[in-house]
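Here is a short briefing to read alongside the model. Please keep the structure open as you go through the points.

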Amino acid sequence: MKLIELIDYTGQFLEIERFRDYCPNGLQVQGRSEVGKLVTGVTASLSLLEAANRAGADAILVHHGYFWRNESPVVTGIKHARLKFLLQHDISLLAYHLPLDAHQTLGNNARLGQIMGAELEGWAGEQNLIAYGRLPVETTLGAFSDTLSNQLRRSPQVLGDPQKKVRRIAWCSGGAQGYFETAIGLGVDLYISGEISEPTFHLARETGVAYIAAGHHATERYGVAALGAHLAEKFALAHEFIDIENPI
């Protein structure tokens, strides 16, 4: 298919114009005009670019792309190496950040909720990025964290009494520990995100709301893979999700 058609459809599907984001959503680096093979991944690292090229990609679609707000605009070092690789191999790079987090069927938070088996009740917080709902049955924090560890293939960092009963939960993938207070205001027993910071400990201890940092990368594998599968089915593209392991 034409690259421009892929860009137009994906932008409309994710409603990218609704979001105030920290980076450009859509085409970030232009490659060949025809796309037959699409590779998806979480972050546009050089390792992903190289793996995608070996896989025969015409375009790469990621959650974490380039040109972030307040970063240096000069093309040197790592940025130079990545852009040079894409341009030399005529591969396009598409990136979708907050629109991919928030999409209510294929987004990171929608897919994370499905993996956890949560019954989604609604969306809250800044740009409706926080999902909230309840587990089918009440469980303990310890049992839930063990199950989540197996599901995401990563040991989470857990704040709270392992015997604490949890049923109502909120979650937001990636580096969303800053939304913990908003989640607490929803009256949940537990908030799940990707990362953790020093104030998180005190909020959890003083409010009694448990917190799980399940991994930035680990919680954001699923939306981009689902989006790639959707695009492949709709436009008869070859698609491959490549997971470059990241312990963070």
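Helices (H or I, at least four residues) and strands (E, at least two) are DSSP runs, numbered from the N terminus. This is a predicted model in which local features need pLDDT of at least 70 and side-chain atom pairs count only at pLDDT 80 or more, while totals for chains, interfaces and linings use all residues. Residues are numbered from 1 along each chain as its sequence is written, and side-chain values use heavy atoms, with hydrogens and water left out.

- Helix α2 spans residues 46-54, and Leu-48, Leu-49, Ala-51 and Ala-52 are buried there; buried means under 20% relative accessible area, exposed over 50%, and partly exposed in between (1.4 Å probe, protein chains only).
- These residues lie on the same side of α2, because they cover an arc of only 165° around the axis; the arc is that of the directions from the helix axis to the C-beta atoms.
- The buried residues of α2 pack against β2 (37-43), β3 (59-64) and α3 (77-89), where contact means heavy atoms within 4.5 Å.

- Most residues other than glycine have a negative phi.
- Phe-67, in the loop between β3 and α3, has a positive phi near 65°.
- Phe-67 is partly exposed, at 32% relative accessibility.
- Asn-70 is also found in the loop between β3 and α3, and its phi is positive too, near 75°.
- Asn-70 is exposed, with a relative accessible area of 77%.

**Helices α5 and α10**

- Two packed helices are described by the angle between their axes and the distance between the axes.
- Helix α5 (residues 108-116) packs with helix α10 (residues 222-235) at an angle of about 105°, and their axes are 7 Å apart.
- Axes are lines fitted to C-alpha atoms, for helices over the stretch in contact, and angles run from 0 to 180 degrees between N-to-C directions.
- α5 and α10 are therefore roughly perpendicular (65 to 115 degrees; under 35 is roughly parallel, over 145 roughly antiparallel, and the rest oblique).
- On the α5 side, Asn-108, Arg-111 and Ile-115 make the contact, and on the α10 side Tyr-222, Gly-223, Val-224 and Ala-226 do.

**Salt bridges**

- The model has ten salt bridges, each being a side-chain nitrogen of Lys or Arg within 4 Å of a carboxyl oxygen of Asp or Glu.
- One of them joins Asp-58 and Arg-32, at 2.8 Å from N to O.
- That pair links distant parts of the chain, 26 residues apart: Asp-58 is in the loop between α2 and β3, and Arg-32 in the loop between β1 (26-29) and β2.
- Asp-58 is buried, at 14% relative accessibility, whereas Arg-32 is partly exposed, at 26%.
- Which residues are linked in a network of salt bridges? They are Arg-153, Arg-221, Asp-243 and Glu-245.
- Within it, Asp-243 pairs with Arg-153, the closest N and O atoms being 3.6 Å apart.
- Asp-243 lies in the segment after β11 (238-241) and Arg-153 in the loop between α6 (141-152) and β7 (157-159), so this pair ties together parts 90 residues apart in sequence.
- Asp-243 also forms a salt bridge with Arg-221, with the closest N and O atoms 3.0 Å apart.
- Arg-221 sits in the loop between α9 (216-219) and α10, 22 residues from Asp-243.
- Arg-221 is buried, with a relative accessible area of 3%, Asp-243 is partly exposed, at 28%, and Arg-153 is exposed, at 55%.
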